[in-house]
Amino acid sequence: MKAELSLAVALLAYAAHAWWTWRARLLARAKARRLSEESFKPIPVEVEKLGGRRNRTEQRRREEGTREAEQRAAEAEMDEATARQLALDKELYHKLQNLEDHPDALALAQTRLVELLDHTLHAARASPASGILSISDYSPTALKAYFDAAHATNTEKYEAYLARRRAGGARELFTSRAHAAHWLAQAAPVKYVDGGWLGTVLTPSCAHRQAARLAWQVISEESGDGDLDKNHVYVYHRLIESLAASGELGSAPRGDDAALVDAPAAARCYTAAVAQQCVGLLAADYLPEALGFNMAYETLPYHLLVTVRELKELGIDNYYFALHVTIDNPDSGHAALSRVAVERYLLDVQETQGEAAAVRAWRKVQAGVVLADGLPTTPCAPVDPTTPSSDTETAVADLMARKSAAAAKMHCPSRATIGGLTIEQWLDPAAMTAQRALDFTRALAQARPWVYAGQASRSRLVRELEWGGRMFGAFSRDETRLVKEWVESLGQRNRIVAAPGEYAAFVGEDSDAKRQVPPGRFAALAADLLRPAAPAAPADLTLDTAAPPSSPRSRAAVYTTLLSLLDHFPLAPAKFATPLGARVLRVLRAQLGFPALHETADICAGMDGAIDAGEGLWELGTALFARQGVEVASYADLARDVEAEDAATATTCAQLLELRQRPYANQALLLGLSCGFTRLLQNAPWRAAERAKVEQMRADALVALGEVAVAADSAWRAEYERGAAIAQRVVAW
């Protein structure tokens, strides 16, 4: 009896808990729905005219709060697969922004990159005549014509947009200032990896240095060429900070801050951001894909032009976006640099590996272009009347046009706005045309809570047409079914379709094939620069007692290793957008033979860098060691040879590369090593013409390194000097 009573009590407790849980969820959904509906109410005229700054600020905060509530509700109720992938992408994004603390993320990055290549190629191959796949046989002329046409199409779209606006048309991207602020916050994950898609494009083992050098110039300019105020990630973060300071956003976390991934997010922005991170971190293995991605991404998009104009209208700083309109131009800017990098790469492959290899390389470049084009980078895009409509969309637009006469004056009480206009304004029969009906349909497709793409049962428009809704009977059974089909079809646009093997089949090789990594520590790290390792702590290194190398081959290995110690700093774009990052970039520019930002005229050289392809310390060093009988064609091959001949030097180089795996944790030691190495460059047996170049690079690098040391505390400087002393021990000529 006692056991039966206990069981009954337990069952009652479980039933009560289940009822309260169900009721809490029901109330939470009702609240989120009510808040999201409120967000579509326009700001009352009297508030705008009479309320003053305080009321406008409060109104913006309310709008931002309702939008955030709507977004959290959207995340909570999105389909299970999308929600699961968003959580995985957020986690991977944070790990890759903090890679030195999460080396395990590299394997995940490899898997995710191939998944996204598979997905985007699967979609692109369904209509190959409309994109880069239309160029089956590569030629520089065809490539230039393709991107020139894309640029012209987008500027023509913008011209048509301006005509619509001059004719009295509403904004087509942002409905209000609060909407714009919310959009900017959601786009932040993508903007905080700006330039990151080229992270490892120029490595010591790169066999196509001329093409990779042009691509690296894009990274440098995206990062401000060593001037923090011009770093694109920094510029965007300042924009977000200004909106947070005015109360329009709740906070302004940095790209490497865990708070960023805790905030509400647009799934497609995280997908695009992770794709950029993965391409950049794996560019050493996916060089043609990275070059193709860069070429497509640097092409002027239509939405960028609309964003610049509408942010300015709303009184929001648009400089980040305006900057990309100018710097990415196809004549002398990043679009041109990126295309020429691809041309030089493919020519190099053809000359060194033959026609068959060049054809395969072109397909990999195409895969990179498709990846960039196939992943939207913004929370939503402006309504584009020029986009061809599907049969379903056309049918819905025709339906809206036909219903406009019956709906005349029926929506006057409604204050809801869609795409900047009230429903009454959209459905005015006197103004109704086929194009206006299509514009309304497309604006409605992005107007939550009326339409949730791919979720007809959740969309308010569908609920209002069914029994119990305020529009029940206004649409026939078949008309209601058409609306449902249209809403469901919208979800297919951004849904990631699993298509395993698509990329491998397209490029003609196994995407799961692993490189053969040599067994020795130095050779393994040289062959795989991001190889996960368990590096020794700086205090446990044997570098302090290391002996200088005796053979020319070992000296070449030490030279090349020391020259690459700072390469990992740019791999964390958010951390690189700091004073430290700016100074490190100046050192890297000096080492590569670029001006190190001592003259304003040297900033953002654009295509001048393609014309004046200079020599850096790598090129000068390989020439120097060639005169001593050592050909340094590949860093990995050099490491393998040294491992077999000189165990002590191999250990020294391996420990240096392990330090490089955690650049921000080991920053003082790494920069000290670079300083010591740079000081000793003057002792090398350079030829007269080489010495003049080296002296300029050396002077530029030492100025930047000195600025870092001056700004540091005594403990940091002590470790810095320790690094310089180690370099003094291990460098020999």
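Predicted model: local features only at pLDDT ≥ 70, side-chain atom pairs only at ≥ 80, totals over all residues.
Residues are numbered from 1 along each chain as its sequence is written, and side-chain values use heavy atoms, with hydrogens and water left out. Local features need pLDDT of at least 70 and side-chain atom pairs pLDDT 80 or more, whereas totals for chains, interfaces and linings use all residues.

Six cavities of 30 Å³ or more were found in a search of the whole structure. A cavity is a set of points, on a 1 Å grid over the protein atoms alone, where a 1.4 Å probe fits but cannot get out; lining residues have an atom within 4 Å of a point. The largest cavity holds about 310 Å³, the volume being the space filled by probe spheres set on the points, which are joined across faces, edges and corners. Its lining comprises 22 residues, with Leu202, Thr203, Pro204, Asp567 and Leu592 nearest the centre. Two or more lining residues come from each of α8 (209-222), α24 (552-563), α26 (579-592) and α28 (617-627). Helices are DSSP runs (H or I, at least four residues), numbered from the N terminus. The greatest contribution is that of α26, with three residues. Twelve lining residues are nonpolar, seven polar and three charged. Here Ala, Val, Leu, Ile, Met, Phe, Trp, Tyr, Cys and Pro count as nonpolar, Asp, Glu, Lys and Arg as charged, and the others, Gly among them, as polar.

Helix α17 (residues 391-407) has 17 residues and spans 24 Å from first to last C-alpha, close to the expected 24 Å. The expected span is 1.5 Å times one less than the number of residues. Buried residues of α17 include Val396, Leu399 and Met400 (buried, under 20% relative accessible area; exposed, over 50%; partly exposed, in between; 1.4 Å probe, protein chains only). The buried residues of α17 pack against α18 (423-426), α19 (434-445) and α21 (477-490).

The whole structure contains 39 salt bridges (a side-chain nitrogen of Lys or Arg within 4 Å of a carboxyl oxygen of Asp or Glu). Arg309 pairs with Glu313 at 3.1 Å between the closest N and O atoms. These residues lie about one helical turn apart because they are four residues apart in α13 (residues 302-313). Glu464 bridges to Arg470 at 3.0 Å. Glu464 is buried at 10% relative accessibility, whereas Arg470 is exposed at 65%. Arg627 and Glu690 form a salt bridge at 2.9 Å, N to O. This pair links α28 to α32 (residues 688-710) across 63 residues.

Conventions
1 Å grid on protein atoms, 1.4 Å probe; cavity = no way out; pocket = protein on both sides within 12 Å on 5 of 7 lines; lining within 4 Å. Contact = heavy atoms within 4.5 Å.
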